[in-house]
Amino acid sequence: MAQEPVDVEGIVQNKAGVLVLSFSARTTLNCVCDRCTKSFRKEKEIPFHCYLATEKQNEENDEIVLLEDGEFVDLEDLARTAFVLGMDTKILCSEDCKGLCPRCGADLNLGPCSCKKEVDPRLAVLAKLLENKETNE
Ligand SMILES: [Zn+2]
Ligand SMILES: [Zn+2]
């Protein structure tokens, strides 16, 4: 994954006695496509906000960040958390990536491979599972 510098820009506002920290963290990620395994770079910007508290709150709230020594906040740590939370669960080089052929591994984005479509890959997986189950018992 990443390892380009992360830009963080933020402001702290005092809203009726409550400190609200809003920032956005921006970086370029080095990604690997989940479908075709191609690496690519992607700009990612994650907005984040939380409330700042000087004392430990009675109720647990993920949105409340306790200030260290009542004064400091670890922006780097917050930015890291924001990225973890904001990360896409699926990383694709493009929305319509065709992925790799499950049989020969050819990149189907470059064109169809020479495999014949005999078995639906989902059924093939099922057949394999059943096969394993039988050998285990
Ligand atoms: Zn892809
Ligand atoms: Zn193929």
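I started at Cys-33, which is buried at a relative accessible area of 2% (buried is under 20%, exposed over 50%, partly exposed in between, with a 1.4 Å probe and protein chains only). This is a predicted model, where local features need pLDDT of at least 70, side-chain atom pairs count only at pLDDT 80 or more, and totals for chains, interfaces and linings use all residues. Residues are numbered from 1 along each chain as its sequence is written, chains are lettered from A and ligands numbered from 1 in the order written, and side-chain values use heavy atoms, without hydrogens and water.

Next I checked the zinc ion (ligand 1). Its protein donors are Cys-33 (SG), Cys-36 (SG), Cys-93 (SG) and Cys-97 (SG), 2.3 to 2.4 Å away (donors are N, O and S atoms within 2.8 Å of the metal, or 3.2 Å for Na, K and Ca). The site is tetrahedral, with angles of 105 to 113 degrees among the four donor atoms (all angles must lie between 85 and 135 degrees). Cys-33 sits in the loop between S2 and S3, and Cys-93 in the loop between H1 and helix H2 (121-136), so the pair ties together parts 60 residues apart in sequence. Helices are DSSP runs of H or I with at least four residues, strands runs of E with at least two. I found Cys-93 partly exposed, at 24%.

Then I looked up the largest nonpolar core, which has 13 residues (buried Ala, Val, Leu, Ile, Met, Phe, Trp, Tyr and Cys joined through side-chain atoms within 4.5 Å). Strand S2 (18-32), strand S3 (39-53) and helix H1 (75-86) each supply at least two of its residues. Apart from it lies another core of eight residues, including Cys-36 and Cys-97.

Notes:
Tetrahedral: all angles 85-135°; square planar, octahedral: opposite > 155°, others 65-115°.
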